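Subject: Structure for your review

Dear colleague,

My findings follow it, beginning with the interface and then turning to the sheets.

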Amino acid sequence: MIDEQDRAIARRLTVSYIVWSTIILAASGLLGVVMRLSQAVPQLRVGDNFWYAMMTAHGLGAFVGWAGFAVMGLAWWVLAGVGFPVRGFGLVMARLTWWLMVLGVLGVIITTIFMGFGASWVFLYPLPFYGSGNWGAWATGLFSFSVLLAGLAIVTWCFGILHTVMNREALQSVSGSIGKRLGLAFGWGFLMPRTFAAKKSVPYPVIPLTVIGLDMIIATLPLAGLLIWQIFESMGVVGSANDLLAKNILWWFGHPVVYLLLFPAVAVYYWLIPRYAGRDLVAGHVIAVAWTVAVIANVFVWAHHLYLDYPSGTAQAQINTAMQPITFALVLPSALSLYSLGFTIYRSRFRWTPASTALFFGLVGWLLAGLSGIVNATIALDVAIHNTLWIVGHFHHMAMLNIGLLIFGAVYALLPELSGKALYSERMAWIHVWITFVVGMIFFGIWLVQGLDGAPRRWSVLPSNYDTLTRISLPFAFILAAAQALFFWNVMQTLRGKGGIATFDERGIPEPSKVRKESSVHSIEAAVMIVALALALIFAVGGYLVGRDVASNKDDTPTTTAVETGGGGEGTVTGDAAAGAEVFASSSCSNCHTLEAAGATGTVGPSFDEKKPSEALVIDRVTNGLNAMPAYPQLDEQQIADVAAYVNESTK
Amino acid sequence: MLRVSHTAVIITVAYSIAVILGSAISFAIFRSTSRPLEEDRSGVWSRRETTWLVIMIVTLFALLMGTIFYVPYGETAGPRGQVVRVVGVQYAWAIDAPQPIVTGRPVAFLARSRDVAHGVGVYNPSGPLIFQAQVVADHEQKIVHTFSEPGTYTVHCLEFCGAGHHLMSTTFEVKAA
């Protein structure tokens with residue numbers, strides 16, 4: 001049976017995952033605010049590639065490094081709570097997971113923010129190898145390696161979970177066979193009690209953890225293969241992979257990883273909601289059917305992310321069509337879980353605290369995000385919203401207002417029993433939970449509206465007709481961020497013991513801190529201070545970015561003047577044709593233009609061999625762009641002069 | 001004039017109704033805890049979960065049947081079709097229509113990418129997104145659409161393709177037949 005030592009081990013594991021995931025939330029949340037700020041205020045615009053590098057870090061950081069990592073950590077404490085100790089091999093895996101995840105996320109931050117890798121968190125192959133000079137092979141290789149570490153963290157976590165849930169003693173399994181124990185952990189004892197015999201039925205929270213433990217191994221291994229391929233390709237060891245296959249492999253992982261957030265979160269709901277309601281989870285045996293559907297359906301829905309890929313001569317259209325019913329089948333575990341959790345709360349003696357309110361809001365967020373997910377799952381409707389900001393609204397509702405609120409609720413509910421210390425301020429927690437839910441609904445809801453209006457996703461600068469709503473949403477982003485500062489402060493003060501010793505009521509629910517605050521002004525003061533600090537930090541970052549942009553604009557001015565007045569390309573710098581050849585090759589000029597000397601055969605834009613453009617014309621077009629030809633702000637004055645000299649030399 | 005397409009209107013109405021219903025149910029559950037039940041009815045609710053499962057299956061099946069026939073796959077422009085070639089590169093579109101595109105006759109857009117994955121998103125002259133599809137390198141993507149009104153249509157890239165993704169836009173003309 002589980003003893004005090006087992007509980008101490010699980011406690012340390014959960015706290016170490018939670019602390020680090022919270023730090024990652026702070027970092028990636030701040031990036032998110034800067035991104036929206038950059039879209040809303042032209043004067044505060046950051047460089048385009050930097051924006052996309054932030055987007056890459058924000059996506060991986062918030063999704064995997066915060067939400068995923070946090071629920072993975074909560075799982076250990078939930079399992080200990082229902083009598084499943086983490087021991088032996090499982091414990092080794094659990095500890096290894098922490099190291100792999102922390103190192104992986106650090107690597108992602110370094111390669112994006114400091115090395116400029118900006119191919120987005122889905123790094124759609126072969127984009128990592130088409131950096132247009134913004135990042136090189138080193139960044140691609142290191143980024144792939146970092147994501148591989150995070151992917152391996154998921155796999156080791158899965159092994160740890162499976163090892164833990166198959167504990168024969170904890171399951172009270174009659175049989176010792178691996179298959180029967182696994183079946184019990186899947187909840188099949190409810191359906192076939194004779195085949196899967198146990199002295200007591202399996203605790204409900206174990207089921208979703210077992211499902212995701214098996215599925216994420218199946219989902220992650222092909223991605224690991226793709227990442228290893230990318231690492232070798234960045235070293236020049238192997239050639240190109242197949243684009244469409246790589247896209248399928250990415251989503252083979254990319255969909256189940258969403259449920260790496262949801263399913264452990266469901267385990268936490270199954271465990272905590274009954275505690276606050278004061279009654280057992282209302283669940284029929286049929287819930288085991290839904291989870292069995294989930295095991296299979298979860299790894300066979302990837303192509304709903306490729307609904308709009310149906311190139312001629314491939315089977316992609318048929319695969320996609322098959323995905324709609326399978327995706328609909330995945331609605332069932334959510335629908336049944338919400339039914340069970342809803343009826344567990346319905347007319348119960350529910351104790352409303354900040355923790356339970358966050359959990360309840362999390363369920364509401366789950367319902368609303370699930371409903372927008374059904375829209376995405378329907379091919380005929382997806383055409384209107386695919387890759388628009390609607391999708392961004394949908395998954396922020398899911399990640400922040402379902403998983404995020406669950407994490408906040410679980411931290412408020414469990415921190416006292418994990419640390420032995422009472423929550424520092426219940427009032428601060430109330431403010432945090434309400435603001436996160438209400439302001440989050442508005443802020444993310446604006447994305448849904450913009451998406452329905454066709455606003456494209458992943459654009460550092462949106463077309464101007466979407467500006468009004470973008471600006472309206474900005475204050476909500478600030479308020480949302482400031483509310484999270486309350487959470488960080490509250491957790492920090494709690495861990496410092498400022499709330500005194502934890503006490504619990506008869507249901508195990510933590511009671512408010514008994515430490516008398518000198519006056520209620522105290523917590524308000526803290527709140528004001530945190531908000532001010534958060535705003536100062538945001539404006540400081542904003543100010544730095546403005547300064548940087550103004551500085552770089554100054555550098556650009558002489559080029560334009562020189563071209564305008566000189567007229568003959570004899571600007572302040574002289575071009576070097578040899579260096580220009582490299583610029584030509586690395587800036588994907590050959591995609592659109594023909595230049596025999598460079599082996600370029602593009603037919604989109606004018607052929608240099610025919611037009612023989614002057615140096616001044618090349619400098620002007622590369623600097624300012626014209627129609628389909630984009631400007632290349634990533635090239636400096638010297639590089640542009642070089643490429644102009646090269647084109648001129650080669651066509652003489 | 002409405003700025004969104006018909007599909008967007010359908011989504012807006014359906015999702016709004018779903019959100020209102022969902023919020024009402026959530027609020028009812030919240031309110032119900034102020035008058036807790038004395039007797040334990042968990043057994044009845046647990047058994048009714050099977051009924052709920054059946055309701056969900058029927059609802060989802062109806063939604064599936066109501067929508068699956070509207071997939072954009074396998075469409076052809078037919079003998080009167082107009083063919084337009086679209087090529088995407090980082091960060092520009094080339095649209096090659098041999099004759100002027102006219103309204104009322106199906107247009108087959110044959111799209112290709114020269115480098116990374118792109119997305120062809122076509123917006124009608126008054127603003128809304130009317131159709132889109134993804135393009136990966138080395139595969140030809142066929143998209144069929146019949147224009148009903150003449151004017152200048154905008155193409156935006158709808159798959160992230162690098163630092164100049166948001167610059168990847170162009171326009172084309174559709175003339176009255």
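This is a predicted model: local features need pLDDT of at least 70, side-chain atom pairs count only at pLDDT 80 or more; totals for chains, interfaces and linings use all residues.

**The side of chain A that touches chain B**

Several helices of chain A each supply at least two residues to the side that touches chain B: α2 (48–81), α8 (243–254), α10 (286–298), α11 (316–329), α12 (331–345), α13 (354–377), α14 (379–385) and α16 (426–452). The largest share comes from α12(A), with nine residues. Sorted by class, this side of chain A has 55 nonpolar, 28 polar and eleven charged residues.

**The interface as a whole**

In total, 94 residues of chain A are in contact with 76 residues of chain B. The size of an interface is often given as the accessible area lost when the parts come together. Here, chain A and chain B bury about 7600 Å² between them, and 65% of that area lies on carbon and sulfur atoms. Two salt bridges are counted between the chains. One of them links Arg458(A) to Glu159(B), where the closest N and O atoms are 3.9 Å apart.

**The sheets of chain B**

An open sheet of four strands in chain B has the order β2-β1-β4-β7, with mixed pairing. Its edge strands are β2 (92–96) and β7 (141–146) of chain B, each of which pairs on one side only. Neighbouring strands of this sheet are turned against each other by 25 degrees on average, direction ignored. Within the sheet, strand β1 (residues 82–89) and strand β4 (residues 106–113) of chain B run parallel and are joined by seven bridges. Val83(B) has Ala108(B) in β4(B) as its bridge partner.

A further open sheet in chain B consists of five strands in the order β3-β9-β8-β5-β6, and its pairing is also mixed. β3 (101–102) and β6 (129–135) of chain B stand at the edges with a single partner strand each, so one side of each is left without a neighbour in the sheet. The partner of β3(B) is strand β9 (residues 169–175) of chain B; the two pair in the parallel sense over two bridges. In this pairing, Ile101(B) stands opposite Val174(B) of β9(B).

With kind regards

Definitions and conventions: Residues are numbered from 1 along each chain as its sequence is written. Chains are lettered from A and ligands numbered from 1 in the order in which they are written. Side-chain values use heavy atoms; hydrogens and water are left out. Contact means heavy atoms within 4.5 Å. Buried area is the accessible area (1.4 Å probe) that two parts lose on being put together, summed over both. A salt bridge is a side-chain nitrogen of Lys or Arg within 4 Å of a carboxyl oxygen of Asp or Glu. Ala, Val, Leu, Ile, Met, Phe, Trp, Tyr, Cys and Pro count as nonpolar, Asp, Glu, Lys and Arg as charged, and the others, Gly among them, as polar. Two strands pair if DSSP finds at least two bridges between them. Axes are lines fitted to C-alpha atoms, for helices over the stretch in contact, and angles run from 0 to 180 degrees between N-to-C directions.
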